[in-house]
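Please look at the sequence and the structure shown below. The paragraphs that follow lead through selected parts in turn.

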Amino acid sequence: MLYSNVIRERFRHPRYRGTLPAADASFEDVNPLCGDRIRIECRIGDGRVLEARFTGDSCAIAAASADLLLEHIVGQPVATVHGLELPALLERLQADIRPTRLKCVSLPLGVLQRALNGKAVAT
Amino acid sequence: MNLGELCRADFPILRRAVNGEPLVYLDSAASSQKPVQVIEAVQRYYERSHSNVHRSIHTLGEEATELYEAARDAVRGFVGARFREEVIFTRGTTEAINLVAQAIGRTLRPGDEIIVTEMEHHSNLIPWQMACRDRGAVLKAVSVIGGAYLDLDGFARHLASRTRVVAVTHVSNVLGTINPIEEIARQAHAVGALVLVDGAQAVPHLPVDVNATGADFYVFSGHKMLGPTGIGVLYGRREVLDTLEPAWGGGEMIKEVWIDRAQWNDLPWRFEPGTPPIAGAVGLHAAVEYLSKLGMDRVSAHERQLTAQCLDGLARLPEATVYGPINPELKGAVVAFNVAGLHPHDGAALLDQRGVAVRAGHHCAQPLMKRLGIVGTLRASFSVYSTAADVERLTQAVAALRDEF
């Protein structure tokens with residue numbers, strides 16, 4: 001199935017879409033293929049990601065990917081982010097993602113990793 | 001039988017299925033499909049006559065040269081250039097624009113101005129940005145107003161004695177707007193500026209007489225007009241080409257070479273360094289013959305009818321928003337639209353599931369997307385082989401999108 005129920009559900013009812021006014025870490029990037037933009041903001045404390053939100057005008061796949069990703073990272077030690085890999089994310093999306101759309105899945109991952117880069121020891 | 005149904009049989013790819021559905025190919029503005037006449041011409045060339053051109057003193061070399069130069073004559077006639085020296089083969093529209101931008105760029109002085117428009121494809125924007133950056137020249141852009149048209153009053157205000165080049169598209173690859181290039185060229189010439197027209201979306205769809213447009217340069221691609229990829233055309237007015245230094249060096253573009261200098265070749269070869277796209281030219285020749293046989297008046301009437309049908313079909317769907325002129329008389333064979341609540345890439349992927357191929361995204365026109373305040377659009381575009389049934393399948397598939405999310 002091209003767009004799994006997970007993707008549809010997360011796109012229609014995202015749990016982590018929004019902004020964090022008191023963010024400690026943030027990053028924004030663009031998918032050069034389509035111009036889609038994703039911004040991720042995180043609040044960090046005790047070396048953990050306390051809260052995270054994403055914004056951006058993007059396709060359903062990128063939005064679902066961001067939403068699942070943030071759900072996974074919230075509450076985790078910041079360093080966890082460097083262990084996150086694309087295959088695990090693809091599995092969570094439960095969809096048959098074509099090679100041309102892989103970038104839509106990986107964009108939020110790259111944004112999150114760069115947002116948290118160097119923040120592992122922050123308190 | 002109308003033109004689309006008549007032509008379809010010549011395009012083998014249209015017989016294939018995609019995702020279990022008969023293919024509906026509505027992405028001809030990105031690249032058109034090829035008739036068997038073009039495919040066979042290229043194959044025949046490779047099977048019988050391939051060799052390098054111009055300097056090979058053997059039968060194959062002579063045949064290849066003859067075919068290559070015959071393609072030039074065919075293109076000259078097709079677009080109404082006065083002389084064969086005015087037709088320069090390039091690898092495509094993008095390369096043709098870069099060639100002109102680099103050749104003219106070398107002569108720019110700080111404070112000189114180049115005028116582009118907000119509806120340009122990146123290929124008619126970035127080369128001018130680069131030329132300006134390198135020479136301290138100033139880039140100005142004509143606004144798009146009403147979501148569809150160039151602000152011609154603003155254009156007139158931009159024009160000045162400092163204006164060196166006006167670079168404008170004939171037909172927008174997103175909005176479909178047909179720009180008044182004759183008038184634009186007239187005003188630009190009045191201040192002594194040169195005019196480059198991007199005809200990539202015009203030559204495949206409308207009767208074009210480059211000489212009548214008044215443009216100094218008129219560029220287009222083979223692959224959007226039923227020809228092969230890797231071949232494009234730079235038409236340049238002879239008096240203007242004569243004043244330009246070649247943009248690039250190499251074999252073929254010289255008459256005599258010494259270790260420290262060279263004497264340039266005559267037009268048009270002066271601007272064609274290296275081995276040219278010979279098979280591409282042969283294929284383009286066949287494409288030009290195919291289109292000529294149909295008649296470009298007939299082609300444009302056929303496509304206008306499909307554009308009208310598409311606009312009408314989408315207007316019946318409250319969730320669809322169409323961009324650009326809604327009068328098909330003012331529009332090329334392209335309809336850009338969005339479906340409420342659906343990102344264009346998701347829309348295109350879902351249409352593809354039903355065998356309908358459309359383009360989605362920013363269409364290499366990000367400044368235009370910014371002006372329209374959107375990230376991208378879906379885009380249906382037509383060619384000689386498109387039919388009313390294709391448009392019907394599209395509008396049905398778009399209507400079905402509302403149940404997808």
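In which loop of chain B is His54(B) found? The loop in question runs between helix H2 (36-49) and helix H3 (59-79) of chain B. The model discussed here is predicted, and in it His54(B) has a phi near 75°, a positive value in a residue other than glycine. Most residues other than glycine have a negative phi. His54(B) counts as partly exposed, because 17 C-beta neighbours lie inside 10 Å and a residue needs 20 or more to be buried.

Asp46(A) sits in the loop that joins strand E2 (37-45) to strand E3 (48-55) of chain A. Because Asp46(A) has 9 C-beta neighbours inside 10 Å, Asp46(A) counts as exposed; the limit for that class is 12 or fewer.

The confidence scores of the prediction may be stated at this point. The model has an ipTM of 0.85 and a pTM of 0.94. For chain B the average pLDDT is 97, and 100% of its residues score at least 70.

The discussion now turns to the division of chain B. Chain B comprises domain 1 (3-30 + 295-403) and domain 2 (39-292). Taken over C-alpha atoms, the centres of domain 1 and domain 2 of chain B are 28 Å apart. Where the two domains of chain B meet, 26 residues of domain 1 are in contact with 24 residues of domain 2. On the domain 1 side, the elements of chain B that give two or more residues are helix H11 (296-315), strand E16 (334-339), helix H13 (366-372) and strand E19 (377-381). H11(B) gives the most to this side, with five residues. By class, the domain 1 side has 15 nonpolar, six polar and five charged residues.

A sheet of chain B comes next. This open sheet has seven strands in the order E4-E12-E11-E10-E9-E5-E6 (chain B), and the pairing is mixed. E4 and strand E6 (138-142) of chain B stand at the edges with a single partner strand each, so one side of each has no neighbour in the sheet. From one strand to the next, the twist averages 20°.

Strand E4 (residues 87-90) of chain B pairs with strand E12 (residues 232-236) of chain B in the antiparallel sense, over four bridges. Thr90(B) has Gly232(B) in E12(B) as its bridge partner. Are the faces of E4(B) covered or uncovered? Both are covered: Val87(B) and Phe89(B) are buried on one side, and Ile88(B) and Thr90(B) are buried on the other.

Elsewhere in the sheet, strand E5 (residues 113-117) and strand E9 (residues 163-169) of chain B run parallel and are joined by three bridges. Here Ile114(B) stands opposite Val165(B) in E9(B). Helix H7 (residues 181-190) of chain B lies across E9 and strand E10 (194-198) of chain B, at about 175° to E9(B).

A peptide bond in chain B also deserves mention. The bond from Leu267(B) to Pro268(B) is cis, with omega near 0°. Most peptide bonds are trans. Pro268(B) is placed in the loop between strand E14 (262-264) and helix H10 (278-294) of chain B.

The last topic is the contact between the chains. In this contact, 11 residues of chain B meet 11 residues of chain A. Which helix of chain B gives the most to the side that touches chain A? That helix is H12 (residues 344-353), with four residues. The side of chain B that touches chain A divides into three nonpolar, seven polar and one charged residue.

H12(B) is largely enclosed by the rest of the structure, because eight of its 10 residues are buried. Among these buried residues are Pro344(B), His345(B), Asp346(B) and Leu351(B). The buried residues of H12(B) pack against helix H2 (60-73) of chain A, together with E16, strand E17 (356-357), strand E18 (359-361), E19 and helix H14 (388-400) of chain B. After H12(B) comes Gly355(B), with a positive phi near 80°.

Key: Residues numbered from 1 in each chain as written. Chains lettered and ligands numbered in written order. Predicted model: local features only at pLDDT ≥ 70, side-chain atom pairs only at ≥ 80, totals over all residues. Contact = placed C-beta atoms within 7 Å. Nonpolar A, V, L, I, M, F, W, Y, C, P; charged D, E, K, R; others polar. pLDDT = per-residue confidence, 0-100. Pairing = 2+ DSSP bridges. Domains from an automatic or database assignment. Axes fitted to C-alpha atoms, helices over the stretch in contact; angles between N-to-C directions.
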